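Here are my notes from going through this one. Have the viewer open as you read.

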Amino acid sequence: VYGRRMKPLRFAVPALLAMAGIVLALILAEAGFRVFAWARGMLAGDLATQLARSATRPLESGDRFSMSGLVRSSPHGDVVYELKPGTRGIFQRQPLHINSRGLRDREYSLRKPPGTFRLVGLGDSVMFGWGVREDESYLAVLERRLNSLPPPHRRFEVLNFAVPGYNTAIEVAVLRRKAIAFRPDAVVIHFVNNDFAVPLFLQRADTSSLGRSYVLDFLRSRFGTAPRDDSLVGVDLRDVPGEDRSRVLGRYQYMVGESGFRRAMDRLARIAGRHGIPVIVILGSAYGRQGEIVRDVTTRHGFELVEIKPYTTAWLREHGVPDEVRAKSAALTQLPVDGHPNARAHEIFATALLDRLTRMGVVRAAP
């Protein structure tokens with residue numbers, strides 16, 4: 001009997017020692033990654049240093065989420081950073097050309113041609129066309145569709161001012177500092193789930209927080225879709241982050257949370273009102289209360305709202321895509337590379353926008 005009791009103990013002790021060893025190894029690895037992250041942050045320098053370095057670097061052609069080599073510091077403090085004019089190369093597996101005015105778009109004159117209806121788009125990586133060709137981005141698709149309408153429709157120009165990582169506050173600053181000079185007849189602003197936040201490189205590194213595992217981040221970056229470096233990349237929050245500004249660089253705290261979003265939309269309403277410009281809000285991805293907040297702000301200011309979900313739902317049903325997350329993601333996103341919309345999704349966005357412009361009377365309904 002004594003021997004039978006001792007036999008399980010002989011197996012249990014090594015198992016417990018092995019588990020303890022694994023836990024200790026993970027703790028040491030976590031500590032090591034935190035020290036490495038702290039040291040890398042110190043070496044990267046402040047935001048001005050990172051952007052100055054990016055301004056002189058060539059464009060990165062790999063699959064990393066880093067925007068180093070794509071952006072430079074903006075002369076406008078509230079815009080923070082902008083695309084480098086004249087940049088050419090491969091970015092996120094696609095050819096990239098930034099025009100002389102810092103837009104991922106063809107060249108446009110500052111002076112609007114007579115008889116032209118001009119729209120300007122304000123957004124982040126989705127509107128920019130992350131991972132798709134320039135001519136596949138939904139604003140480019142929309143411009144082609146508008147100009148293919150039969151007479152007597154006028155000529156249309158759709159200018160893409162989107163930059164990866166922007167949030168609502170920066171997008172409205174771009175309208176005031178840059179886009180309004182092009183005398184737009186309408187403004188399109190695209191809301192996605194990280195627009196209540198700021199780009200990651202506007203946040204303080206917090207290696208003391210226990211709410212984040214650097215080991216897990218490392219594993220996700222190597223085997224999942226998480227960013228692979230901490231400089232000049234965007235951040236994706238799963239819900240309204242509230243008013244916690246503790247990790248945001250001081251001068252950008254006004255951008256954070258619901259209050260930052262509402263203030264930005266108030267500024268947008270004032271700018272649009274002064275110039276008599278209608279505003280179209282595209283509601284793409286949103287988590288938790290975000291959608292309710294966007295709808296409330298849109299209604300209060302009399303903006304036009306375009307919700308993408310009914311269009312994607314209709315497209316998926318029409319094409320027989322199973323009602324499963326994996327199947328729907330495979331159909332309309334760039335997974336497993338990342339979760340940005342693919343070219344099919346951009347076509348859907350263009351359709352939704354064209355429908356709204358028709359309802360607004362900008363274009364006539366097709367026979």
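1. Start with Asp-124, which sits in the loop that links strand E5 (116-122) to helix H3 (125-128). Keep in mind that this is a predicted model.

2. What is the nearest side chain of opposite charge to Asp-124? That would be Arg-104, and it is 12 Å away. A salt bridge needs the two charged groups within 4 Å, so Asp-124 has none, although it is buried.

3. As for what does surround Asp-124, leaving out residues up to four places away in sequence, it touches Ala-162, Val-163, Pro-164, Gly-165, Tyr-166, Glu-171, Val-192, Asn-194 and Asp-195.

4. Tyr-166 is also touched by Phe-161. With residues up to four places away again set aside, the other contacts of Phe-161 include Leu-103, Val-120, Leu-122, Val-174, Lys-178 and Phe-182.

5. Phe-161 belongs to the largest nonpolar core, a set of 84 residues. Together with Leu-119, Leu-146 and Leu-175, Phe-161 touches the most other members. Helix H7 (residues 257-275) is the top contributor to this core, giving seven residues. Another core lies apart from that one: six residues, including Trp-315, Leu-316, Leu-332 and Ile-348.

6. Now the chain as a whole. You'll find 11 helices and nine strands, and 45% of the 367 residues are buried. Take the contacts between residues at least 6 apart in sequence: 69% of them join residues at least 24 apart.

7. Last, the surface. The protein chain exposes about 18500 Å², with 58% of that coming from carbon and sulfur atoms.

Notes:
Residues are numbered from 1 along each chain as its sequence is written. This is a predicted model: local features need pLDDT of at least 70, side-chain atom pairs count only at pLDDT 80 or more; totals for chains, interfaces and linings use all residues. Side-chain values use heavy atoms; hydrogens and water are left out. A nonpolar core is a set of buried Ala, Val, Leu, Ile, Met, Phe, Trp, Tyr and Cys residues joined through side-chain atoms within 4.5 Å. Buried means under 20% relative accessible area, exposed over 50%, partly exposed in between (1.4 Å probe, protein chains only). Helices (H or I, at least four residues) and strands (E, at least two) are DSSP runs, numbered from the N terminus. Contact means heavy atoms within 4.5 Å. Lys and Arg count as positive and Asp and Glu as negative; His and the chain ends are not counted. Accessible areas come from the Shrake-Rupley method with a 1.4 Å probe; for residues, only the protein chains shown count as cover.
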